[in-house]
There are 2 protein chains.
Amino acid sequence: MKSLWLESQSLSLRDVPRPSKPGEALIRVRLAGICGTDLELVRGYYPFTGIPGHEFVGEVIESPDPSWIGQRVVGEINAVCGECEQCKNGRPTHCEKRTVLGIVNRDGVHAEYTTLPLANLHLVPDSVPDEAAVFTEPLAAALEIQQQVHIQPTDRVLLIGAGRLGQLIAQTLALTGCDLRVVARHPLQKQLLAGRRIKPISEGEVQPRRWDVVVEATGSPSGFDLARRALRPRGTLALKSTYRGEMTIAWSPFVVDEITIVGSRCGPFEPALSLMERKEVDPTVLIAKRFPLAAGLEAYETASQPGMLKVLLEP
Amino acid sequence: MKSLWLESQSLSLRDVPRPSKPGEALIRVRLAGICGTDLELVRGYYPFTGIPGHEFVGEVIESPDPSWIGQRVVGEINAVCGECEQCKNGRPTHCEKRTVLGIVNRDGVHAEYTTLPLANLHLVPDSVPDEAAVFTEPLAAALEIQQQVHIQPTDRVLLIGAGRLGQLIAQTLALTGCDLRVVARHPLQKQLLAGRRIKPISEGEVQPRRWDVVVEATGSPSGFDLARRALRPRGTLALKSTYRGEMTIAWSPFVVDEITIVGSRCGPFEPALSLMERKEVDPTVLIAKRFPLAAGLEAYETASQPGMLKVLLEP
């Protein structure tokens, strides 16, 4: 089958055997997304060799349980052991032996086919088109914030970053009724927010020590610093991006102001599908370009342009 | 009156006028404690000029409300405006205009007399002796952890640091029934823990990625690093010490493991007094030495010895 292949920070098109794993479903990829993590993998942020990509919607072709065959599905990206301490304590996304689709020890979805355990699959409701379903994984990651932090309707919430993930976070946070403002840099980002009546705020307008909850979604030290200054005492900082390398910060202000910091990663798929089914969120406005898999290298290049929104791959 | 006086990182004995503030109670200090923050002030960690000290028990001598006169009291250390956004939102200890007893713009208790607003005072139950009541402020600070973090009886809790504050934290955490282990370095610290059947653990024995809650009470980068390694995914790190200057850390593991970090400072006085009244905690075991106020310089020197527990001053 055709696939993208990452090796030693070099991406190429490659013909590889169609995958097959005992006990797992074989899935034909219908549509896949390129995410910031994929771009970081190419830059060598994490070591990974194989087929990248973890955002997808597909159709089950083969399955140990035949009732799945022909179903349109999305899939959770952490394939877990079910037996370690994390799995047994209800934290499967933190499984100590997990493989992660297109990220850790498991080929991903920037290919014609992929495999996943049946336990990872979720049926896509008929009313959710492929163009929306392909966003299930990042939309779930956005919802993880509300899984971890109680956003009250009376909270002042500042979101820093309005890129691919930031826009989904903005759409989901807006549903809480909170007083949400979003720091966006690019005109297109602001336009998308305006389309959903979500209010932007410039960095200079962010009042210091005012915000109950700040979500940092830029992964940059300057974003972290702005978040720190914006938070009120006893406020909560949700970190929604990983940070390259190390950061040097003064810790005492966090203790003196009794700030809570919450790291946030993968989230729940079913609520994400439910919100799309009920049209409460619309991720399709994020789609910037679509490329056939054969033009995958160009697609990655396009996706890495500053301010670029979602680039999709069609195998 | 006799007092200690701190100026330009130099501590001296000084005769100063007896304090008087309109609307505040005049309190004769019966007993005062020397705390890590006092020692940091002398080292120039924060700028402060005046009388240091914030841990005390005293007797009200003069008061705008005469019913307080003759009462034995302890006092909250943050004197607040009652009008700023923090005060109006139930966070008086974070008042934007606060003065802090012996720490920020307010003379402290290492003197014969001090003053505080009536709103800061708490009556000491008759059954709580001065030697216990003098620990109300740090005991309240220990309880602030449970004010912020829900410690479940089934949690594995690791406390790093068993000094002055650490011992009080250990005593209060043990009351939750959680599986508590304490990293203590000095033999006397271990002995005190053993006296309350609280189990010590050596740094080498701390299993990585195992602990639900870690309380860091050393204020050292090595303590922070141990805490990081000990926490399980989605665990909670309570920071109970300020850290001098800046620390350089890798942030991504906190995001990937979805760790929650909570800064923790001043706590509630009434539960602290209540626990002492009911003999559920006994801070008096921490008393290492008592000095008359006139020997205050020697007292500070003694208090700054490594592993030293509580040094008290008698005006």
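A charge is said to sit over a ring if NZ of Lys or CZ of Arg is within 6 Å of the ring centre and within 35 degrees of the ring normal. The structure is a predicted model, in which local features need pLDDT of at least 70, side-chain atom pairs count only at pLDDT 80 or more, and totals for chains, interfaces and linings use all residues. Residues are numbered from 1 along each chain as its sequence is written, chains are lettered from A and ligands numbered from 1 in the order in which they are written, and side-chain values use heavy atoms, with hydrogens and water left out.

**View 1. Charges over rings in chain B.** The charged end of R210(B) lies over the ring of W211(B), 5.7 Å from its centre, and that of R18(B) lies over the ring of Y113(B), at 4.2 Å from the centre.

View 2. Rings of Phe, Tyr and Trp (its six-membered ring) pair if their centres lie within 6.5 Å, and planes under 30 degrees apart count as stacked, over 60 as edge-to-face and the rest as tilted. Nine aromatic pairs occur over all chains; one of them, W251(A) with F224(B), is tilted, with 5.1 Å centre to centre and 45° between the planes. Buried means under 20% relative accessible area, exposed over 50% and partly exposed in between (1.4 Å probe, protein chains only); W251(A) is buried at 0%, and F224(B) is buried at 3%.

**View 3. The surroundings of A217(B).** A217(B) is buried, with a relative accessible area of 16%. Leaving aside neighbours within four places in sequence, its contacts (heavy atoms within 4.5 Å) include L159(B), I169(B) and K240(B).
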